[in-house]
Protein chains: 4
Amino acid sequence: MSELTKEIQALREQVSALHAELVRYGLVVWTAGNVSGRVPGHELMVIKPSGVSYDELTPESMIVCDLDGTVVEGDLSPSSDTAAHAYVYRHMPHVGGVAHTHSTYACAWAARGEPVPCVLTAMADEFGADIPIGPFALIGDDSIGQGIVETLAGHRSPAVLMRNHGVFTIGNDARAAVKAAVMCEDVARSVHISRQLGEPLPIAPADVDRLYDRYQNVYGQR
Amino acid sequence: MSELTKEIQALREQVSALHAELVRYGLVVWTAGNVSGRVPGHELMVIKPSGVSYDELTPESMIVCDLDGTVVEGDLSPSSDTAAHAYVYRHMPHVGGVAHTHSTYACAWAARGEPVPCVLTAMADEFGADIPIGPFALIGDDSIGQGIVETLAGHRSPAVLMRNHGVFTIGNDARAAVKAAVMCEDVARSVHISRQLGEPLPIAPADVDRLYDRYQNVYGQR
Amino acid sequence: MSELTKEIQALREQVSALHAELVRYGLVVWTAGNVSGRVPGHELMVIKPSGVSYDELTPESMIVCDLDGTVVEGDLSPSSDTAAHAYVYRHMPHVGGVAHTHSTYACAWAARGEPVPCVLTAMADEFGADIPIGPFALIGDDSIGQGIVETLAGHRSPAVLMRNHGVFTIGNDARAAVKAAVMCEDVARSVHISRQLGEPLPIAPADVDRLYDRYQNVYGQR
Amino acid sequence: MSELTKEIQALREQVSALHAELVRYGLVVWTAGNVSGRVPGHELMVIKPSGVSYDELTPESMIVCDLDGTVVEGDLSPSSDTAAHAYVYRHMPHVGGVAHTHSTYACAWAARGEPVPCVLTAMADEFGADIPIGPFALIGDDSIGQGIVETLAGHRSPAVLMRNHGVFTIGNDARAAVKAAVMCEDVARSVHISRQLGEPLPIAPADVDRLYDRYQNVYGQR
């Protein structure tokens, strides 16, 4: 088995397993939502097949596509969001993973076209800023991918709320993208609920900077 | 075993298993809610027994009725909503499955008699329009069935919110009806939460059309 | 084994198992909440021990008390709400089961001292009326029991929201009381959410009567 | 095996298992949140490792630190909140356990800097008062620990909502701290929801006193 074959196999296993995290955290219903991972050093990605139940996802059912979204390995059609994932990988070379959900509270902000304000320390840690709104874009061409890249380029946040649609997140790898999707829904929910009974207190921008810097560089295991 | 016996047995298994999806997505409590499927090519349907716990449902406990709601096979009484399911099958020949729940957010809109506005792309995909409100109707005769059929006839939405009651959904088969019930609660929830803090932005009708058309014809596996 | 011993053993098993339904439907956290059942034809009841984790409840750990709340069988202290259960059994001879929870939405109405209006057909079915508010009452004597009995005497509803406290439900047996607790939280939640964005439409009192009558007499298996 | 080694091993098992309660009650997502326990009679505590998934926590992966937060046993870095836990143990000798979460409703109150008013009997039982707000404090030195201790010193509540951050709870042991975290989210949720549709009725201070006294001294098994 070549190195590339081994890498693709490992990524099939990781991406398949990460879909279960979307289910565990209640970010998806039925077959909505998808995760992909870039094959490091190759113009390839591994992504969910379209319209397949989360119960039936296996490493073998994952689809390997090139970065134009053309299927390279796999019997099923890839996710209908494949073009958006591919666009992100082509235009953001540091991105190794992408996740997409219609999670409830993220969609609630997205439907109003309002960014989630950074009023919780956990949000400063992970997002380092407000979670921004991307444009309304139809599926079927590069519009969604362009909207994601234009919104996130130069932004600290790994999450964008696409207007009237849902959330796309990016990360160094697929796991980091899924973590950002989980944290996005968590803070979108807490901030929404806080605002139901008044206005959350702001965090000073310099404190947001300090929290973001520390979390990115000190938290977790080295 | 005749072809019909085999078909009924397969439908007993499918309809029984689909009830577990209502539980999984939190659409039902205790014994409320029910799913049915039409036996293709026959004037028969398979439906849940009345007042039986979801834990105890088996393919064998499902009830076979004719399309007047008379029991053909089964020791138990059929769902108290059997007349409504039967009315739908008699008057909508393209319908192969019906689901009914009192899911929380759908009921919240239904109690106010307000349609759910189509402000999310996932809603345009599945429903192609607002989710409409049906009339207030008492159980016990054809009133509920009539209200469902009159509201959904000529409407893209496979879901109707019956006023002060709950949601009925239709589909090509029982699985599609259950999917519509899951998606109905999901979008009813997201749109409700969005509206708690302001007004969701509309999606242009032409974009709703494009999304609906693509999802119905391109999404999933062919 | 005498008939009484057998009956108590069966009730220990039923009451123990019904506590798992409180957990399943999210009506309780930690050790809060309790269920009891009357031993038919005897001045005895079976009830949860106080402050024991739901994971550790077994038929053997249930406590048998007389209807003054004195322990007859069992090594542990009975539920701190035993006096309230006992009072209900002494004063409502038709009651065979009692349940008590601090479920979230029921508590939300109880904290404001507002009855839940009967605006859903499922609520008309099970409660036949608004879910009423009982008085504020301290634990430690018969005050809670009196408040329950005075509020529910002559009322169709098997549930009472004790002000600033939580819900008590009654039934022909322990299972019916638990069902009422599950349905109470379900409708308290749906009606609350409905009212967040406007006023639910009323159901005509004569229709509430028809729904209640039919559900009590026709629904389920005979 | 020395007595101390046995005690540390028992505490590793307890603290590891208590993290599963944070997951069970939905108080944490991904790797956020942590629990610690003091080694009775020693200047030591057992705490979660930093950034490790809840699925992977084992007694062996727990970290033993001294009360300055220096690692004594363990290959991983301790929780990034270790300094706050250590500060509490140094300054509150009666405290045997500390828990920390970003649970949703607690964060919603914390983001507005508003205490949760004591309007439910279950809240009077466990907290004996409003749940207070602590100061905004950055991670990285003793600021968070100081804020916790200054807020809780002389207060009945075992929980403090740190502004724009989350909840810290204390207890006689780690289990009591986790219980307080569970109850804190439960009452923060019920009171929030109650206030969405009006103002909860107050409980007279003398009744709060009576409830608190009874629950602390009579509830549960002796």
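**Conventions.** I number residues from 1 along each chain as its sequence is written, and I letter chains from A and number ligands from 1 in the order in which they are written. In this predicted model local features need pLDDT of at least 70, side-chain atom pairs count only at pLDDT 80 or more, and totals for chains, interfaces and linings use all residues, while side-chain values use heavy atoms, with hydrogens and water left out.

Entry 1: I took contact to mean heavy atoms within 4.5 Å. Chain A does not touch chain C, and their nearest C-alpha atoms are 11 Å apart. Chain B and chain D likewise have no contact, with closest C-alpha atoms 11 Å apart. I also noted that only 3% of the interface residues of chain B are interface residues in chain A too, so the copies meet through different surfaces.

**Entry 2: B:Glu21.** I located B:Glu21 in helix α1 (residues 3-24) of chain B, helices being DSSP runs of H or I with at least four residues, numbered from the N terminus. B:Glu21 has a relative accessible area of 15% and is buried (under 20%, with a 1.4 Å probe and protein chains only). Neighbours within four places in sequence aside, B:Glu21 is in contact with B:Val178 and A:Trp30.

**Entry 3: chain A against chain D.** I found 32 residues of chain A in contact with 32 residues of chain D. The buried area (accessible area, 1.4 Å probe, that two parts lose on being put together, summed over both) is about 2900 Å², with carbon and sulfur atoms giving 59%. On the chain A side, A:Leu197, A:Tyr219 and A:Gln221 lose the most area to chain D, together 23% of what that side buries.

**Entry 4: a charged pair.** For a salt bridge I required a side-chain nitrogen of Lys or Arg within 4 Å of a carboxyl oxygen of Asp or Glu. The rule finds 1 across the interface of chain A and chain D. D:Asp55 forms a salt bridge with A:Arg24, their closest N and O atoms being 2.5 Å apart. On the side of chain A that touches chain D, α6(A) gives the most, with 11 residues.

Definitions and conventions:
Helices (H or I, at least four residues) and strands (E, at least two) are DSSP runs, numbered from the N terminus. Buried means under 20% relative accessible area, exposed over 50%, partly exposed in between (1.4 Å probe, protein chains only).
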